Amino acid sequence: MTATSEELLPAEPERRTDFRLDTPSVDDGAAIWRIARDSKALDLNSSYSYLLWCRDFAGTSVVARDETGTPVGFVTGYVRPERPGTLVVWQVAVDGAYRGRGLAAAMLDGLAERAAEAGIRHLETTITPDNEASNRLFTSFGARHGAAVEREVLFHGGQFPDPHAPEVLYRIGPLT
């Protein structure tokens, strides 16, 4: 899960006007799947799962649209059933043409703002140890929101049925 290769993120990402943040719809599922596939960094889920995600978890996800309304980035998330005050970020991806603009940080901030209105005070995600871009993204997110960032291995490599690096749980919060 986590982000694709992004730029070094500034401490305070610049809010860009060449995209707008929106709630995804089922019609965005195919574009979101393509962005994930083209990232070459994410574990690609089935195209069907992205359609379901846009239907069932649209309220806890965000899509960035260019000036024509085309999706150019997304963050998928869900509220953790055992911890209803926690948003789990599943995937973050930005279309190659839009990388380097702070879009991943802006989407994450926008989603956190919306989640805060629903009482969400913590964010969780998992990141493999070699994913420096995601580490920077979520560490800087915690700093921007005045929140602690705790890390611990959630799944070690041997728990996966296929070769896989460990997934480190990042728990960020409380968000201010």
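Biologist: Which side chain does Arg-20 meet in a salt bridge?

Modeller: The idea first: side chains of opposite charge can pair when their charged atoms come close. In this structure the partner of Arg-20 is Asp-22, at 3.4 Å from N to O. A salt bridge here is a Lys or Arg side-chain nitrogen within 4 Å of a carboxyl oxygen of Asp or Glu. This is a predicted model, where local features need pLDDT of at least 70 and side-chain atom pairs count only at pLDDT 80 or more, while totals for chains, interfaces and linings use all residues. Residues are numbered from 1 along each chain as its sequence is written, and side-chain values use heavy atoms, leaving out hydrogens and water.

Biologist: Thanks! Is Arg-20 buried, partly exposed or exposed?

Modeller: Arg-20 has a relative accessibility of 44%, so this residue counts as partly exposed. (Buried is under 20% relative accessible area, exposed over 50%, and partly exposed in between, with a 1.4 Å probe and protein chains only.)

Biologist: How many salt bridges does a search of the whole structure find?

Modeller: The search finds eleven. One of them joins the side chains of Asp-28 and Arg-65, at 2.6 Å from N to O. Asp-28 sits in the loop between strand 2 (20-22) and helix 1 (29-39), and Arg-65 in strand 3 (residues 62-65), so this pair ties together parts 37 residues apart in sequence. Helices (H or I, at least four residues) and strands (E, at least two) are DSSP runs, numbered from the N terminus. Asp-28 is buried at 6% relative accessible area, and Arg-65 is buried at 8%.

Biologist: Which residue does Asp-109 meet in a salt bridge?

Modeller: That one is Arg-144, at 3.0 Å from N to O. The two belong to distant parts of the chain, with Asp-109 in helix 3 (residues 103-117) and Arg-144 in helix 4, 35 residues apart. Asp-109 counts as buried at 7%, and Arg-144 counts as buried at 15%. There is also a network of salt bridges linking Arg-80, Glu-82, Arg-83, Glu-124 and Arg-171.

Biologist: Now helix 4: which of its residues are buried?

Modeller: An α-helix has 3.6 residues a turn, so residues three or four places apart point the same way. In helix 4 the buried residues are Ala-133, Ser-134, Leu-137, Phe-138, Ser-140, Phe-141, Gly-142 and Arg-144. Helix 4 has 13 residues (132-144), and at 1.5 Å a residue it should span 18 Å, which agrees with the 18 Å between its end C-alpha atoms. The expected span is 1.5 Å times one less than the number of residues. Just after helix 4, Gly-146 takes a positive phi of about 60°.

Biologist: Do strand 4 and strand 5 run parallel or antiparallel?

Modeller: Strand 4 and strand 5 run antiparallel, joined by eight bridges. Two strands pair if DSSP finds at least two bridges between them. These two form a hairpin with two residues between them, and Gly-73 has Val-94 in strand 5 as its bridge partner. Strand 5 and strand 6 run parallel, with three bridges; there, Leu-87 stands opposite Leu-123 in strand 6.

Biologist: What is the volume of the largest pocket?

Modeller: Rolling a probe the size of a water molecule over the atoms shows where empty space is left. On a 1 Å grid over the protein atoms alone, a cavity is a set of points where a 1.4 Å probe fits but cannot get out; a pocket is an open set with protein on both sides within 12 Å along at least five of seven lines; and lining residues have an atom within 4 Å of a point. Points are joined across faces, edges and corners, and the volume is the space filled by probe spheres set on them. The largest pocket comes to about 210 Å³. Strand 4 (71-80), strand 5 (83-94), strand 6 (122-127) and strand 7 (148-155) each give two or more residues to its lining. The lining has twelve residues, with Tyr-78, Val-88, Thr-126, Leu-154 and Phe-155 nearest the centre.

Biologist: And which elements each supply at least two residues of the lining of the largest cavity?

Modeller: Those are helix 2 (47-56) and strand 4.
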